[in-house]
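Subject: Structure handover

Hi,

Here is the structure I promised to pass on to you.

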Amino acid sequence: MSKALEGVRILDMTHVQSGPTCTQLLAWFGADVIKVERPGTGDATRGQLRDIPDVDSLYFTMLNHNKRGITLNTKSKSGKEIFEKLIKYCDVMVENFAPGALDRMGFSWERIQALNPRMIYASVKGFGPGPFQDCKVYENVAQCIGGAASTTGMIGDVPLVSGAQIGDSGTGMNLALGIVTALFHRTHSGKGQRVECAMQDGVLNLCRVKLRDQQRLAHGPLTEYPQYPNGEFGAAAPRAGNSSGGGQPGWIVKCKGWENDPDAYSYVIAQAGAFPALAKVIGHEDWLEDPQWNTPKARLPKLEEMFGEIEKWTMTKTKFEVMDILNPLNVPCGPILSMKEIAEEPSLRKTGTIVEVDHPERGKYLSVGNPIKLSDSPTDVTRSPFLGEHTDTVLGEIGMSDEQIAEARAAGAV
Ligand SMILES: CC(C)(COP(=O)(O)OP(=O)(O)OC[C@H]1O[C@@H](n2cnc3c(N)ncnc32)[C@H](O)[C@@H]1OP(=O)(O)O)[C@@H](O)C(=O)NCCC(=O)NCCS
């Protein structure tokens, strides 16, 4: 079976998380991804948060599967000559350096286009053009500048960042979409183009409903927020705890064992259509005849009380029992799954969403596989490259003789 992106060659200058997420996805779809790293040190994440001494960290291995790895000093004279050859050899160049780093190396977009007019040049930066365009940005900063932190957290409490890497991995996915779109465009334009994704934009795109709520505020209180009708609304879309964000009330409730298990909770949505079944199962059939309870409007000012009653019932069941009982009643709900439970879930292993990878130095470890499934281009996850593992092979492919490679090595270019 051929891979969807077979024949596409990617010059991967990425590091840390956002860029590597993008190129790993492209590699999973079959692109030949050549990861370029600085001789000696490589991607800083190789050494960060190491769990085993002197072995590439999980941070690195889990973001750089299916890639080839070369070392190259793109600031040295002979390194730049090799880099030029690589630009001519590849279809796409991807980078997420601090703003202006490639220009400082002497590789502006104009220069890249002159070297290879078919090249697609894709970048992640923290901000787009504007007052902050020169700033370096990491994940949690992106969550703050993109509107996620101000709208996440408990009411009256501090802003909160999420464990989901929406700035890094989220923006990496945007970049991958930009690249395949530009590749498709190239099939009729014959030309490459610039693809730019700002982390601020990527986070904001995921906070669309909060910009919706910001505008609704001008026309009155946000009735589905727990602040309504008893609390106050300020000038900006507020934090809303665990409320659902949609038109149906939802909350996180305790389940059996919550006293000792920090994840013994379930999310329950009290959707209007399924409310009679939910009320019956929790022992509140009386609500169905009571005008104080039997319409969504009547319940709205009493959501805390309602979820309190639901919780009395869920506390008598495990989170999985809650799922088993409520799902057939069409009550949307979900257990709060811990990373341990997810890692051990057999169905996720079966679909390749959780994969076990073997690494010659670290042995077997788990990783998140490709979340996007193509019927004719399945993903096989293979280990990340060692620093410079494929330098000689790739330099050979771009026409360098063994002698020239030895010279480049002696000059410290590779
Ligand atoms: C992530 C980030 C904050 C890290 O910053 P940093 O550790 O200081 O790393 P930089 O990107 O500035 O790169 C450091 C230097 O290494 C140089 N370098 C990188 N690879 C090189 C190579 N193969 N050969 C020679 N030099 C290299 C860069 O050119 C840069 O040099 P300069 O400062 O003289 O321009 C920054 O890269 C950034 O803001 N990136 C864009 C947003 C982003 O992706 N953030 C999320 C990361 S998960």
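Strand 10 (residues 354–359) and strand 11 (residues 363–368) are joined by six bridges and run antiparallel. The two strands make a hairpin, with three residues between them. Within this pairing, valine 357 has tyrosine 365 of strand 11 as its bridge partner. Two strands are taken to pair if DSSP finds at least two bridges between them. Helices (H or I, at least four residues) and strands (E, at least two) are DSSP runs, and their numbers count from the N terminus.

Before you go further, please keep in mind that this is a predicted model: local features need pLDDT of at least 70, side-chain atom pairs count only at pLDDT 80 or more, and totals for chains, interfaces and linings use all residues. Residue numbers start from 1 along each chain as its sequence is written.

On the overall layout, the domain assignment of the chain gives domain 1 (9–205 + 345–410) and domain 2 (249–331). Such bounds come from an automatic or database domain assignment. The C-alpha centres of domain 1 and domain 2 are 44 Å apart.

Strand 1 (residues 9–12) and strand 4 (residues 92–95) pair in the parallel sense over three bridges, and leucine 11 stands opposite methionine 93 in strand 4.

Residues are in contact if their C-beta atoms, placed from the backbone, lie within 7 Å.

Helix 7 also meets another helix. The axes of helix 7 (residues 168–189) and helix 8 (residues 199–206) come within 9 Å and cross at roughly 100 degrees. That makes helix 7 roughly perpendicular to helix 8, a label used for angles of 65 to 115 degrees. Gly170, Thr171 and Asn174 of helix 7 make the contact with Met199, Gly202, Val203 and Leu206 of helix 8. These residues divide into three nonpolar, four polar and no charged. Here Ala, Val, Leu, Ile, Met, Phe, Trp, Tyr, Cys and Pro count as nonpolar, Asp, Glu, Lys and Arg as charged, and the others, Gly among them, as polar.

Which residues are closest to the ligand? Of the 23 residues that surround the ligand, the closest are Val16, Asn96, Phe97, Ala98 and Lys136; a residue is near if its C-beta atom, placed from the backbone, lies within 6 Å. Helix 1 (18–28), helix 4 (101–105) and strand 5 (120–125) are the elements that give two or more residues to this shell. The largest share, three residues, comes from helix 4. By type, the shell divides into 10 nonpolar, seven polar and six charged residues.

There is also an open sheet of three strands, in the order 7-8-9 and with antiparallel pairing. Its edge strands are strand 7 (250–254) and strand 9 (333–335), each pairing on one side only. Five bridges join strand 7 to strand 8 (residues 265–269), and glycine 250 has isoleucine 269 of strand 8 as its bridge partner. Helix 12 (residues 303–314) packs on the sheet and touches strand 7 and strand 8, with its direction at about 40 degrees to that of strand 7. Helix 13 (residues 319–326) lies across strand 8 and strand 9, running at about 155 degrees to strand 9.

Finally, two backbone details to look at. Tyrosine 228 and proline 229 are joined by a cis peptide bond, with omega about 0 degrees; proline 229 is in the loop between helix 9 (208–216) and strand 7. Leucine 49 is not a glycine, yet has a positive phi of about 55 degrees, and its place is in the loop between strand 2 and helix 2 (58–61).

Best wishes

How values were computed: Axes are lines fitted to C-alpha atoms, for helices over the stretch in contact, and angles run from 0 to 180 degrees between N-to-C directions. Angles under 35 degrees count as roughly parallel, over 145 as roughly antiparallel, 65 to 115 as roughly perpendicular and the rest as oblique. Two residues are in contact if their C-beta atoms, placed from the backbone, lie within 7 Å.
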